[in-house]
Amino acid sequence: MAKITPDISVPDLTGKLAVVTGASDGLGLGLAARLAAAGAEVVMPVRNPRKGQAALTKIRDLHPGAEVSLRDLDLSSLESVAAMADRLVGEGRPIHILVNNAGVMTPPDRQTTKDGFELQFGTNHLGHFALVARLFPLLRKGNARITSQISIAADQHSVNWADLQWQRTYKGQHAYSQSKIAFGLFGLELDRRSRAQGWGVTSNLSHPGVTPTNLLAARPEVGRERDTVMVRFIRALSARGIVFGKVETALLPALYAATSPQAEGGRLYGPSGFRHLSGPPAEQKLYSRLRDTDEARRIWETSEELIGFRFPAGASCPKVVTE
C-alpha cells in the first residue's frame, strides 16, 4: 500500500498580502507557492536575484496567474533590512501574513554579518527582529499573523550571555541553537506584548522537523565547500520515507501556523511523528528554553540595543505573568 503523504487545507487567501523570507529555495519556496496557490499576493525577499527569479518562474509555472514578486533582502545586513522595509512601508499596503523562514546553519568557522554580529545570531534572529520592527506599522494595519521558523535545535544548549557573539570560543552548533532560542523567545514575547497592548498582531512559532534542505548542503558563501555527511544521511533516509520528512511535508507546520483558523498566537507547531522529526503538523509543548518570560524580555531589549532601532512608541510591555 502506498504511503499517504500528509497535507493540510489552506483557507482562501484572496486579497491577503504575504511576505516569506528565504523563499528562493527549500521550505521558503514551498511556502510561497502554497500561499500563492491559495490566492495570496506573495512578496519574496531574496538575497540572490538569480535564484529568486528562478523561484518566481517556478511558482508561476505551477500556478499560472499567481501574484508573486521579488524584493532585495540580505538579512545579514541591517542596512539591507532597512531598505527593503522602507520600500514596503512606502508602498503602504497592510501585511496580513509574515513567515520568518530564512536562515543559515553551522558555518564551520566563526563568521560575522556586515554589522559585526556572529553570522547565525545576526541573520537568524537579529535580521528578522529588525525586519519585524521596521515593518511593524504594516503588520498592525493588516492584523498580521507572524510565524517564525525555529528548529528542534532550540531544545538544546542556551543563550550564551557571557559571549553573545561567540568571540572567545566558537561552537557552531551551540551558536545555531542560541540563534533559534533567541528567535523563539522573541516570537513569543511579540505575542505577549501584542495581547497586552492591543496591537492586533498574532505571533507564533513553527519548526519543520528534519528534512534535506540546503541548510547543511554545500554553501561556499559560509565556508562549506561540500555537503555535510549529515545532510547526505538525511537525504538518503528522506528519499525512502524513513524517519525524516520531505520539503513538501516539512513546510506544513509553518503553513498551518501562518494560515489555519485553529492556529493560535504564543504556540509552537511542528511535525507530530516520531520525535517530531516528520509527520503531520500539530501543536507541541514549548521547549523549556522558550518558557522564561524574563529571558524573553532580555532578548527583546538587548536586540533593540544591538540593531539600534526600537519598536515604535507604545510597543513596551508590562511584566506579564503566565501560568
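## Cores, aromatic rings and strand pairing in a predicted model

At 1% relative accessibility, Trp300 counts as buried, where buried means under 20% relative accessible area, exposed over 50% and partly exposed in between, with a 1.4 Å probe and protein chains only. This is a predicted model, in which local features need pLDDT of at least 70 and side-chain atom pairs count only at pLDDT 80 or more, while totals for chains, interfaces and linings use all residues. Residues are numbered from 1 along each chain as its sequence is written, and side-chain values use heavy atoms, with hydrogens and water left out.

The chain has 9 helices and 8 strands; helices (H or I, at least four residues) and strands (E, at least two) are DSSP runs, numbered from the N terminus. Of the 323 residues in the chain, 55% are buried. Contact here means heavy atoms within 4.5 Å. Among contacts between residues at least 6 apart in sequence, 72% join residues at least 24 apart.

**Nonpolar cores**

A nonpolar core is a set of buried Ala, Val, Leu, Ile, Met, Phe, Trp, Tyr and Cys residues joined through side-chain atoms within 4.5 Å. The largest one has 49 residues, and Leu139, Phe186 and Phe311 have the most contacts inside it. Two or more residues of this core come from each of strand 1 (17-20), helix 3 (78-91), helix 4 (119-141), helix 5 (172-197) and helix 9 (293-307). Helix 4 gives the largest share, 11 residues. Another core, of 33 residues, lies apart from it and includes Val20, Ala38, Ile97 and Leu251.

Leaving aside neighbours within four places in sequence, Phe186 is in contact with His125, Phe129, Val132, Ile299, Trp300 and Phe311.

**Aromatic rings**

Rings of Phe, Tyr and Trp (its six-membered ring) pair if their centres lie within 6.5 Å; planes under 30 degrees apart count as stacked, over 60 as edge-to-face and the rest as tilted. By this rule the count comes to 9 aromatic pairs.

| Pair | Centre to centre | Angle between planes | Class |
|---|---|---|---|
| Phe136 and Phe311 | 5.3 Å | 75 degrees | edge-to-face |
| Trp300 and Phe311 | 4.5 Å | 35 degrees | tilted |

The pair of Phe136 and Phe311 links distant parts of the chain, with Phe136 in helix 4 and Phe311 in the segment after helix 9, 175 residues apart. Both Phe136 and Phe311 are buried. The pair of Trp300 and Phe311 links Trp300 in helix 9 to Phe311 in the segment after helix 9, 11 residues apart. Phe311 has 6% relative accessibility and therefore counts as buried. One aromatic cluster is formed by Phe129, Phe136, Phe186, Trp199, Trp300 and Phe311.

Charged side chains also meet rings in this model: Arg134 lies over the face of Phe309, at 4.0 Å from the ring centre. The charged end of Arg298 sits over the ring of Trp161, 3.8 Å from its centre. A charge sits over a ring if NZ of Lys or CZ of Arg is within 6 Å of the ring centre and within 35 degrees of the ring normal.

**Strand pairing**

Two strands pair if DSSP finds at least two bridges between them. Strand 5 (residues 145-149) and strand 6 pair in the parallel sense over 5 bridges, and Gln149 stands opposite Ser206 in strand 6. Strand 6 also pairs in the parallel sense with strand 7 (residues 268-271), over 2 bridges; there Ser206 stands opposite Tyr269 in strand 7. Strand 6 (residues 202-206) is mostly covered, with 4 of its 5 residues buried.

Strand 5, helix 5 and strand 6 make a right-handed β-α-β unit. A crossover is right-handed if, with the strands pointing away from the viewer, the path from the first strand over the helix to the second runs clockwise.

Asn100 lies in strand 4 (residues 97-100) and is buried, with a relative accessible area of 0%. Not counting residues up to four places away in sequence, Asn100 touches Thr21, His128, Leu131, Val132, Ile146, Thr147, Ser148, Gln149 and Phe183.

Ala102 lies in the loop between strand 4 and helix 4. Its relative accessible area is 14%, so Ala102 is buried. With residues up to four places away in sequence left out, Ala102 touches Thr21, Gly22, Leu75, Asn124 and His128. Ala102 and Gln149 are 47 residues apart in sequence and 8.0 Å apart in space, C-alpha to C-alpha.
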